Amino acid sequence: MSRTALRICPLCEATCGLTLTVEGTRVTGARGDRDDVFSRGFICPKGAAFGAVDGDPDRLRAPLVRKDGELREATWEEAFDAVATGMRPVIERYGPNSVGVVLGNPNVHTMAGALYPPVLIAGLGTRSLFTASTVDQMPKHVSSGLLYGDANAIPVPDLDHTDHLLLIGANPLESNGSLCTAPDFPGKLKALKARGGTLSVIDPRHTRTARLADRHIAIRPGTDALLLAAMAYVLFEEELVELGALTPHVQGTEELRDAVRDFTPEAVTGACDVDAATIRALARELAAAPTAAVYGRIGSCTVQHGTLASWLVDVLNILTGNLDRPGGALFPQAATDRTPRPAGPGRGFALGRWRSRVGQHPEAKGELPLSVLAEEIDTATGAGEPVRALIAVAANPVLSAPDGDRLDKALDSLDFMVSVDPYLNETSRHAHVVLPPPPPSQSPHHDFAFNTLAVRNQVRYTRPAVPLEPGRMAETEILARLTLAVTGMHGAETAAVDDLVIGQTLGKAVKEPHTPVHGRDPKELTAQLTGESGPERWLDLMLRLGPYGDGFGVRPDGLSLAKLLEHPHGIDLGPLRPRLPQPLKTRSGTVELLPQPIADDLPRLRRALTERPDGLVLVGRRHLRSNNSWMHNIPVLTGGSNRCTLQIHPEDAERLGVRDGAAVRVKGAGGEVTAAAEVTDGVRPGVVSLPHGWGHDRPGTRLSHAATDPGVNVNQLLDGSLLDPLSGNAVLNGIPVEVTATG
């Protein structure tokens, strides 16, 4: 007998509400939840395929433990015994930094991945932390940290109200949005145009988003920061700077005017391959619009000046008075944010508090570049111990990090490795223990991270749509038990982890005058928490202490878990609103427009004015039915236009003798791959494009469908040496490559 159940989709950043059809314990269908307060019934192909993703027969159903060189099924008790036995001697002999932790992108799509890894990392005391952020959005974290004093204070475009939207390096019709949580991004862009607004897209590819735009500018890859700096120059030169209500909250405007004086439209046009008149028009239109927002994404982050480009996106919003105002770019306020503190100076944001052992790369936001993981494992020279053990949670860096072949070999040399992963993939195949979380239908869901980036304030929570299958373990319990096993508390009750965090959080909150529980008894507050599990009690705590919370009875109409459970389709908390100066945590208490690390990096950008690529350069691309390397094992989400091909412009194809569909060899600094050519005018001349996340051809995996059409790993073309110096982000776009026809 079939029934329906609600579930927030965890398959991309749009976080759409789903209505699942369930037969027994199997999800047989998924449609958009029309009553969801945020997504209003919108669904994309990934959400529609929820049942296929959930029921993939290649998902691991039991832990794997390596015995006599082979991974074999084991009980959960055997698996965690093996973790404790294998990990603790490494820590005790070589110290906490000898244990690396790698967190993959799916962590931010689960409750467990949002809540428990910080506890794990703190318990280990390791500085060897590597995440997907440094092959993705770390430049935005760094620029936000420098501008606002908080690396997570990321303003998002007010899509529902803006009159003018400028997208750079973003293709939300394929990605569904990123660092901008917005169900039905395509519909919001169409609504913008329908109300008379303007959409401009800067991208070297003529993407689906670009085809919707009023103006598409096919910039030369990697030169985004130059173009944005020239736009800032025009705003100053033509006296178009108008901070408006931002004026008392911003410092450094005149210093910025001086800093961009060399970046005239005429000076940057050769490097960007965008004419000066177009650059001036972009700046004038931005300044003239009643409201406007500039939004940059992965194409402008994963380049050699990624932090500068991310900084300049916000600079343009600030100079035109569009930061923190409706129709511009605003700071969301999530329901589980900490109690807002009073406005005033903060501790600021620091870079380079420690460095990587081998290459001396500075940390950013507590992380080291994922690109240097291999050398931190396989290189003995350098201060301190190499990484000898690794914990990978929802991470597949063999495919997602540069030079996967080197990392592949390095992982084989580890003393011990644990993977928390539902698949035996290109990375987890190296593990000594694999701990598989259950399918998403069997897990609860609340979006901690994505609600801090949402284009409308709202809160939603869904309990598991399907009971936990016998023999499986909740992901929250897996990560709690893993934390206990590696921190010397193996065998303790998992509730100890939840109780520790809840106790510490309340103990701190009652001492802070600005919280609603100041001066109260933490034990009395703990007793009030509700929920069927530790994670639910944790969520209840965060909701009640948050900006909309009931403050444990102080605001009776406020949020709590009990109230949220009464609204299964979510609670709408209203449109984004101006919040400055409260979010600012800089030492000055203002927006610091020209932070010193940014000023110190501008000479490198000036040198780029005279740089020109000699040949072809490579960029990546996204597909609506894909999300990094997650979903290539799902037949309904692969095939058709979701293929691993090298897109090349007809002019370049003719010059190189490349035929559509024929094999071509692509060579970069890190290696070479062979892929089928796709001749298309969807890329500008001089640019080729390969998608990210493919290369499922290594032995020892259990990805039966992905192996039938493995594609190639674009990151194997990189040797890992090209990094944005401020953020440590890998340079994945604008990479010089050689392309030759093979037949």
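This is a predicted model: local features need pLDDT of at least 70, side-chain atom pairs count only at pLDDT 80 or more; totals for chains, interfaces and linings use all residues.
Of the cavities of 30 Å³ or more, the structure holds four, while the largest nonpolar core has 63 residues.

**Helix 12 and its surroundings**

- Pro265, Val268, Ala271 and Cys272 are the residues to look for in helix 12, where they are buried. Viewed down the axis of helix 12, the buried residues fall within an arc of 125°, and they therefore line one face of the helix.
- Threonine 264 is located in the loop between helix 11 and helix 12; because its relative accessible area is 17%, and buried means under 20%, threonine 264 is buried.
- When neighbours within four places in sequence are left aside, threonine 264 is in contact with Ala230 and Tyr233. Threonine 264 and alanine 230 are 34 residues apart in sequence, yet their C-alpha atoms are 5.2 Å apart in space.
- After helix 12 comes aspartate 273, which has a positive phi, near 60°.

**The largest nonpolar core**

- Tyr148, Leu226, Met231, Trp311 and Leu319 are the members of the largest nonpolar core that touch the most other members. At least two residues of this core come from each of a set of elements that includes helix 6 (138–148), strand 9 (164–168), helix 11 (253–259), helix 13 (276–288) and helix 24 (596–607).
- Helix 10 gives this core its largest share, which is 12 residues.
- Leucine 319, apart from its neighbours within four places in sequence, is in contact with residues that include Ala232, Leu235, Phe236, Leu240, Val241, Leu256 and Leu593, and also with the glutamate Glu242.
- As background, nonpolar side chains in soluble globular proteins tend to be buried together.

**The largest cavity**

- The largest cavity holds about 100 Å³ of space, and its lining is made up of 13 residues, with Lys140, Pro155, Tyr295, Gly296 and Val313 lying nearest its centre.
- Strand 8 (156–157), strand 13 (293–296) and helix 15 (306–319) each contribute at least two residues to the lining of the largest cavity.
- Sorted by class, the residues lining the largest cavity are nine nonpolar, two polar and two charged.

**Backbone features in loops**

- Most residues other than glycine have a negative phi, and most peptide bonds are trans, which is the background for the points that follow.
- Leucine 179, in the loop between helix 7 (172–175) and helix 8 (185–194), has a positive phi, near 55°. Because its relative accessibility is 10%, leucine 179 counts as buried.
- Aspartate 403, in the loop between helix 17 (397–400) and helix 18 (404–412), likewise has a positive phi, near 50°. Its relative accessibility of 15% is the reason why aspartate 403 counts as buried.
- The peptide bond that runs from leucine 580 to proline 581 is cis, with an omega near 10°; proline 581 is found in the loop between strand 19 (571–575) and strand 20 (591–592).

Terms used:
Residues are numbered from 1 along each chain as its sequence is written. Side-chain values use heavy atoms; hydrogens and water are left out. On a 1 Å grid over the protein atoms alone, a cavity is a set of points where a 1.4 Å probe fits but cannot get out, and a pocket is an open set with protein on both sides within 12 Å along at least five of seven lines; lining residues have an atom within 4 Å of a point. Grid points are joined across faces, edges and corners, and a volume is the space filled by probe spheres set on the points. Helices (H or I, at least four residues) and strands (E, at least two) are DSSP runs, numbered from the N terminus. Ala, Val, Leu, Ile, Met, Phe, Trp, Tyr, Cys and Pro count as nonpolar, Asp, Glu, Lys and Arg as charged, and the others, Gly among them, as polar. A nonpolar core is a set of buried Ala, Val, Leu, Ile, Met, Phe, Trp, Tyr and Cys residues joined through side-chain atoms within 4.5 Å. Buried means under 20% relative accessible area, exposed over 50%, partly exposed in between (1.4 Å probe, protein chains only). Contact means heavy atoms within 4.5 Å. The arc is that of the directions from the helix axis to the C-beta atoms.
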